[in-house]
Amino acid sequence: MEVGKRNNKQREEELDFASIPKNSGFKETFFRLCRNKAAVAGMVFLVLLILISVFADVLFDYQTTCVDQTISQRLQWPSAEHWFGTDEFGRDLLARVVHGSRISLSIGVAAVAFGLLVGGILGAVAGFFGGMVDNVIMRACDVFLAVPMMLMAIVIVAALGASITNLVVALAISSVPTFARIVRSAVLGVRDMEYVEAARAVGVKTGRTIARYILPNCMGPIIVQTTLRIAATISNTAALSFLGLGVKPPQPEWGALLSSGREFIRDSAYLACIPGVCIMLTILALNLLGDGLRDALDPRLK
Amino acid sequence: MLRYIGKRILYMIPVLLGVTLLVFFIMHLAPGNVAAMILGENATAEQIAELEHEMGLDRPLLAQYAAYLGGLLRGDLGTSYTSGESVTAKIMACFPYTVRLALVAAVVSVLLALPLGILAAVKQNTWVDNVSMVISLIGVSMPIFWLAVMLILLFSLKLGWFPVYGAKSWNSIVLPAISLGFMNMASIARTTRSSMVETLRQDYIRTAYAKGLSKGAIVIRHAFRNGMLPTITVIGLEIGQMLGGAVLTETVFAWPGVGRMMIQAINGRDTPTVMGCIVLLTVCFSFVNLIVDLLYGVVDPRVRTMYR
């Protein structure tokens, strides 16, 4: 028995040797992506934004700039001292937007990561096994997809109560069925390829076959969808906060900033304009990157 | 064809059952005692228990669900916790406003998107193409509620052309419809462009040119009809999204539709009204999807033969 097991491992290693060298596809895709100016612009913006949100505490101290109120400085238009102006409590809007990027980005990434993980597993299982399992999972997804994503998130947050964790849960659940569908159809596309058959023939276990041989070969559509989904999730986060169902006011999430700035729109329009522009640019950058990735990964355009 | 429609409607039943079950249980996850909330702070435990019994809230959740479903089949969505009115009547008063808003927004988006998408495809890789695709990219990326706030700022507060909120005068629908339609315009235009680009490369288009047909006739009669399928899908999906997006637009503009009522009901913890709104919007969404599928057959004879 022991000998047989080792043999299977060895055979699998041989199988790896025969396959294409790792990363070659990645490099090629990356170079193709870099030829797309719009996608590069989106990528540069996102890298900057991530750096800003990571080093938010170095740029602006949270307590003194985002929490402490200076009533004498309230509602000042943008100036050299306060680049984005100040809000109704005299807090610097730039500092709040910078710290807000942290909240908006992490909610978007966390919710999509969670949705991708759960949806990915469900979709891979459904696609790989087919039959009854597939039917049950996909019909459950149909039920979730029958409710528009935004409504689903609203219902979940309304039931669980408005908090960042619940927001992430709600947005993640509402993106599970989409990911399940995409991963399932991607898995169906490669399930019957010869290399999968070869892996099975040498005795690779089912879970390992899915993780090692099937998923890496259907990453294209998954990566593209993940990028676009993060964009949609950031937008929905802002929308839920705007409705008062997401992040609550003292915390500087972009949608919440926009929502509280709306009251002062007549005289201090910048309070609602600037957070909106930030949301828009971030989503635009993610969309540009997503579109670029789609073109770069599409073999028909090679 | 009729058999196909029948089959599709039958297929909707389990999905809608699943949706009501799902939403019902999610809504009942909400912490807090409904009866205690209705009676206020001074209620005694006995009063609370009595009201719970009266409302059927002391029964097992599944029994409550069965009762709800029974009511639903008779068109009875229960009574509102906050106002005591029939939820069906409340929703029916708001529903026409949402339908009107969604329809006007859909017309706005299609009227803007089709010319933009077709023009971009015909003039592929020129400045016309670039400009129209930049417009639609911005449209996709713009948060709908932000656009709504900006429209109010410009057209209501600065220029004073349209009312800020409400649905009192005939022109109050203009800004909500534009803000709801603009986002959808973008994705419809993008889809139209890419499907038209693909269609214009086909051999039969070259044949049409070789026959000496005018460019206008080729684009409209040959390319557009064939390139329509993806566009119709997206229009359908977008109308579905509008029902969700309407929640935001209606809230910003205080438009008295179902979406705004739902948010008010959520804030007031009025579960039956929230349930009613979700069920109604989901039924609409499913019907829109069904209509889209059926439209395929109208546009594309190849699809029509598959129904038989």
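**Aromatic contacts in the predicted model**

Y97(B) is partly exposed, at a relative accessible area of 25% (partly exposed lies between buried, under 20%, and exposed, over 50%, with a 1.4 Å probe and protein chains only). This is a predicted model, in which local features need pLDDT of at least 70 and side-chain atom pairs count only at pLDDT 80 or more, while totals for chains, interfaces and linings use all residues. Residues are numbered from 1 along each chain as its sequence is written, chains are lettered from A in the order in which they are written, and side-chain values use heavy atoms, without hydrogens and water.

**Y97(B) and W255(B)**
- W255(B) is buried, with 1% relative accessibility.
- The ring centres of Y97(B) and W255(B) are 5.9 Å apart and the planes stand at 85 degrees, so the pair is edge-to-face (Phe, Tyr and six-membered Trp rings pair with centres within 6.5 Å; planes under 30 degrees apart are stacked, over 60 edge-to-face, the rest tilted).
- Y97(B) lies in helix α5 (residues 87-122) and W255(B) in the loop between α10 (215-253) and α11 (258-267), 158 residues apart (helices are DSSP runs of H or I, at least four residues, numbered from the N terminus).

**Other aromatic pairs**
- Over all chains, the structure holds 8 aromatic pairs.
- One of them is the tilted pair of F25(B) and Y65(B), 6.3 Å centre to centre with 40 degrees between the planes.
- This pair links helix α1 (residues 2-27), which holds F25(B), to helix α4 (residues 61-73), which holds Y65(B).
- F25(B) is partly exposed at 29% relative accessible area, whereas Y65(B) is buried at 9%.
- F24(B), F25(B), Y65(B) and Y68(B) make up one aromatic cluster.

**Charge over a ring**
- R212(A) sits over the face of Y213(A), 5.7 Å from the ring centre (NZ of Lys or CZ of Arg must be within 6 Å of the centre and within 35 degrees of the ring normal).

Note on methods. Helix = DSSP H or I, 4+ residues; strand = E, 2+ residues; numbered from the N terminus.
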